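Please keep the sequence and the 3D view at hand while reading.

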Amino acid sequence: MRILGIETSCDETAAAIVEDGRRLCAQALASQVEVHARFGGVVPEVASRRHTEVVTRVTEQAMREAGLEWHQLDAIAVTCGPGLLGALLVGVSAAKGYALATGLPLIGVHHIAGHVAAAFIGTDLRPPVLALVVSGGHTEILRVDEQFRFERLGGTKDDAAGEAYDKVARLLGLRYPGGPKVDALAQRGRPDAFAFPRSMLDEDNFDFSFSGLKTAVWHELERCRRSGETVAVEDVCASFQQAVIDVLVEKTARAVAATGLRTVVLAGGVAANQGLRRALAARAEADGFRVQAPPLALCTDNGAMIAAAAYFAWSRGQRADLTLNAHAVLSLEDWQAGRV
Ligand code: KG4
Ligand code: ZN
């Protein structure tokens with residue numbers, strides 16, 4: 001089954017064709033990162049306008065690179081939430097237009113389900129698995145059952161992991177999106193230079209909190225500024241990153257122990273983090289579980305993850321029609337119950 005996936009929930013306009021949720025035929029992507037970088041973050045209205053300008057070009061580029069005609073597709077999938085409402089609406093409208101014009105069936109995809117599905121592309125991995133989703137908007141531990149249905153075990157109470165990265169990067173004067181820059185600087189710093197908090201580690205749940213960590217970094221920078229101490233940016237990055245990683249890895253390992261699931265899918269933009277990938281792999285080795293993370297290009301937002309998730313959702317009977325709507329806020333429960 002060949003599915004075209006379209007993704008416009010934030011600042012990437014992306015499209016891809018994936019076969020049976022596993023084989024990537026082609027993908028195209030227009031990133032808006034440069035457009036938003038000068039504002040220090042994503043500007044929703046600018047994002048929507050840019051998606052409108054490029055969504056058909058990106059989609060048609062993916063089709064051309066796959067060497068496919070429309071009648072060779074089996075369905076069209078699109079991210080229907082959560083995300084920026086105006087941005088989502090552009091993708092949903094484009095997908096509906098293509099579905100109407102071609103007569104192909106339509107599938108609405110939850111963005112987080114997409115991130116998790118990215119880890120299945122090019123593999124023979126089968127659910128059930130545990131998923132740690134760490135992105136700019138989400139930090140969640142999920143149980144994924146045989147039918148690719150999700151149960152949320154825990155998640156962040158405030159900032160998402162990627163959001164914490166971006167905010168700390170901003171405190172350090174690094175350009176948006178700061179995650180990859182903090183990651184690179186952290187490789188050269190001392191992770192024990194600053195004792196930043198590991199929030200909620202003493203709590204017996206699978207929840208996280210990262211806003212206190214961000215504030216602790218701010219206080220430390222302020223203290224250094226007032227006392228005239230020079231700050232080694234690499235050390236701040238390494239210590240901050242270690243605090244994030246310690247909590248993510250420990251809570252994930254506890255979820256493995258609690259559920260008995262032996263495979264962890266690491267997904268979302270922060271799954272591109274080199275320190276996190278290494279630390280989780282080391283813990284997996286020690287505790288005897290397996291980690292599956294998508295290749296770096298499929299960690300951040302892309303169309304392939306939407307096409308892959310659509311295949312799994314389709315396989316358990318999920319369909320949409322031309323009444324499909326975009327939802328800025330959308331739970332996995334509502335999505336998999338078809339309330340879109
Ligand atoms: O999944 P994604 O593309 O968009 C959302 O769904 O939010 O994730 C983007 C987030 C940004 O916060 C970005 O700073 C972060 O992922 N990110 C990273 C790295 N690469 C991207 N954070 C830490 N280390 C990285 N290497
Ligand atoms: Zn995302």
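Helices (H or I, at least four residues) and strands (E, at least two) are DSSP runs, numbered from the N terminus. This is a predicted model, in which local features need pLDDT of at least 70 and side-chain atom pairs count only at pLDDT 80 or more, whereas totals for chains, interfaces and linings use all residues. Residues are numbered from 1 along each chain as its sequence is written, chains are lettered from A and ligands numbered from 1 in the order in which they are written, and side-chain values use heavy atoms, with hydrogens and water left out.

The buried residues in α7 include Leu213, Lys214, Val217, Leu221, Glu222 and Cys224; buried means under 20% relative accessible area, exposed over 50%, and partly exposed in between, with a 1.4 Å probe and protein chains only. Helix α7 (residues 211–227) has 17 residues, which at 1.5 Å a residue should span 24 Å, and its end C-alpha atoms are 25 Å apart, in agreement with that value; the expected span is 1.5 Å times one less than the number of residues. Just after α7, Gly228 takes a positive phi of about 75 degrees.

Within α8 lies Val233, which is partly exposed, with a relative accessible area of 26%. Leaving aside residues up to four places away in sequence, Val233 touches Leu172 and Leu185. Val233 and Ala193 are 40 residues apart in sequence and, from C-alpha to C-alpha, 11 Å apart in space.

## The zinc site and helix α4

Which residues coordinate the zinc ion (ligand 2)? The zinc ion (ligand 2) is held by His111 (NE2), His115 (NE2) and Asp301 (OD), at 2.0 to 2.1 Å, and along the chain these donors follow the spacing H-x3-H-x185-D. The site links distant parts of the chain, with His111 in helix α4 (residues 111–118) and Asp301 in the loop between β10 (290–292) and α10 (304–315), 190 residues apart. Donors are N, O and S atoms within 2.8 Å of the metal (3.2 Å for Na, K and Ca), and water is not among the atoms, so sites may look incomplete.

His111 is buried at a relative accessible area of 6%, and Asp301 also counts as buried, at 13%. Eight of the eight residues of α4 are buried, so α4 is largely enclosed by the rest of the structure; His115 and Val116 are among these buried residues.

## Pocket and cavity

The largest pocket has a volume of about 1,100 Å³. Of the 39 residues that line this pocket, Ser135, Gly136, Gly137, Asp166 and Tyr176 are the closest to its centre. The elements α4, α5 and α6 (179–186) each give two or more residues to the lining, and α5 gives the most, with seven residues.

The structure also holds one cavity of 30 Å³ or more, and the lining of the largest cavity includes Pro197, Phe210 and Leu213. On a 1 Å grid over the protein atoms alone, a cavity is a set of points where a 1.4 Å probe fits but cannot get out, while a pocket is an open set with protein on both sides within 12 Å along at least five of seven lines; lining residues have an atom within 4 Å of a point. Grid points are joined across faces, edges and corners, and a volume is the space filled by probe spheres set on the points.

## Backbone features in the loops

Two cis peptide bonds can be examined here. One joins Gly81 and Pro82, with omega about -15 degrees, and Pro82 lies in the loop between β4 (75–81) and α3 (85–102). Another joins Tyr176 and Pro177, with omega about -10 degrees, and Pro177 is placed in the loop between α5 and α6.

Asp20 has a positive phi of about 50 degrees although it is not a glycine; Asp20 sits in the loop between β2 (12–19) and β3 (23–31) and counts as partly exposed at 34% relative accessibility. Phe148, also a residue other than glycine, has a positive phi near 60 degrees. Phe148 lies in the loop between β7 (139–144) and β8 (150–155) and counts as buried at 1% relative accessibility.

Note on methods. Contact = heavy atoms within 4.5 Å.
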